[in-house]
Amino acid sequence: MSKWIEGKLRDLVEVNPTVKLIKGEIYPFVSMDVIQPFYKPVEAKEEREFKSGGAKFENGDTLFARITPCLENGKIAQVKNLKNGKGFGSTEFIVLRGKEGITDTDFVYYLVTNKSFRENAERLMVGTSGRQRVDKQQFEDQIISIPDLETQKRISSILGSIDKKIELNVEMNKTLEEMAMTLYKHWFVDFGPFQDGEFVESELGVIPNNWKIGQVKDLAKVLSGKRPKVKDIGEYPIFGGGGPMGVTNEYLYNEPIFITGRVGTIGKVFRVSKPCWPSDNSLVLIPLKVYYYSFLYAVLKNIDFSLITGGSTQPLITQTSLKSIKVIIPPEETIEQYNKQVLTYYSLIDT
């Protein structure tokens, strides 16, 4: 039977371990927005000059978001594929690593993504409403219990094989979605199949003669999400602007919808076809017609949300601003034909 060890987190896990970076050099940079909720791997999408600030880390380290609502949304990930093995990122990360002879680095990731660990971290938040952060001292001093090192490695091996399968599925889904988006660009940006027809000037540029300029509200009903009555009990996912952020025992929608952030995390669009509960920090879009589905999704994915973002302390978009975004709308039969062609891709993704 495994021997369990109990002690302060800082005595059992490396918290913000020392990583030497050279001031003025260029390193991989991981921003908060590239962390996918409850998805293990994260890679740097950019490089920046290291000046002095920011969380410093190496391949295999776990990045733990300490600020609201990122922590509640499950923004915890393990860094991989850093150029030369080192990088830095947002100051809102706590960096965690296994301590030699005591903890397995992969196990540390699974330890801190555990529901009870995250909930305890949330209780350690301090600061003003809307910008609360986990108190680092209290975080390091919290008491945890872990199994012996051999058992940790066995747990990491089992869960790691599942995460590798998830990662493979995600990559396959990315490829399928890219195929759908490539067709959208060919049809509705480059107008490839319509080049032989007549074109006219519009406020959004040159478009085929029988097309029109409309607004998002011509394609979808736009509504606000609501705060769930019960959280962390049930089977229906709660969606915020950053994605799934828990479960509840009721659902608001049981039809294909799109969810995007209303406040805080802005710009991501989630395609949801199963019963769910969009939270009060999200906006919901329901296609006005069934065959608008695939076209509307591509339109939303190509919107520059920064153009309609307001808010002084946190980024904010409103129903009105989203509804009024101008878009190119082709004839009904063209939208329906596109939907038929790419719906196969989305069916595979859902599977």
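Two strands count as paired when DSSP finds at least two bridges between them. With that in mind, welcome to a few close-up views of this predicted model.

**View 1. Strand β10 and its neighbour β7.** Strand β7 covers residues 62–65, and four bridges join β7 to β10. The two strands run antiparallel. To find your way along the pair, look for Thr-62, which stands opposite Leu-96 in β10.

**View 2. Strand β10 and its neighbour β2.** Here β10 meets strand β2, residues 13–15, through three bridges. This pair is antiparallel too. A handy landmark is Val-13, whose bridge partner in β10 is Gly-98.

**View 3. The two faces of β10.** In a regular strand the side chains alternate between the two faces of the sheet. Which residues of β10 point one way, and which the other way? Phe-93, Val-95 and Arg-97 point one way, while Ile-94, Leu-96 and Gly-98 point the other way. Are these residues buried or exposed? All are buried, and strand β10, residues 93–98, is mostly covered, with six of its six residues buried.

**View 4. An open sheet of three strands.** Follow the strands across this sheet in the order β19-β18-β22; their pairing is mixed. Strands β19 (243–248) and β22 (277–278) stand at the edges with a single partner strand each, so one side of each has no neighbour in the sheet. Between β18 (residues 236–240) and β22 there are two bridges, and these strands run parallel. Within this pair, Phe-239 has Pro-278 in β22 as its bridge partner.

**View 5. The largest pocket.** This pocket holds about 1800 Å³ of space. It is lined by 40 residues, and those closest to its centre are Gln-36, Val-170, Lys-174, Glu-177 and Phe-270. Several elements give two or more residues to the lining, among them β4 (41–42), β21 (269–272), α6 (293–301) and α8 (332–350). Which element gives the largest share of the lining? That is α5, with ten residues. Sorted by class, the lining has 19 nonpolar, eight polar and 13 charged residues.

**View 6. Helices α2 and α3 side by side.** Helix α2 (residues 105–113) packs with helix α3 (residues 115–123) at an angle of about 65°. Their axes are 5 Å apart. On the α2 side, look for Leu-111, Val-112 and Thr-113, which meet Lys-115, Phe-117 and Arg-118 in α3. By class, this contact has three nonpolar, one polar and two charged residues.

Definitions and conventions. Residues numbered from 1 in each chain as written. Predicted model: local features only at pLDDT ≥ 70, side-chain atom pairs only at ≥ 80, totals over all residues. Heavy atoms only, no water. Buried < 20%, exposed > 50% of the residue type's maximum accessible area, 1.4 Å probe, protein only. 1 Å grid on protein atoms, 1.4 Å probe; cavity = no way out; pocket = protein on both sides within 12 Å on 5 of 7 lines; lining within 4 Å. Points joined across faces, edges and corners; volume = space filled by probe spheres on them. Nonpolar A, V, L, I, M, F, W, Y, C, P; charged D, E, K, R; others polar. Axes fitted to C-alpha atoms, helices over the stretch in contact; angles between N-to-C directions. Contact = heavy atoms within 4.5 Å.
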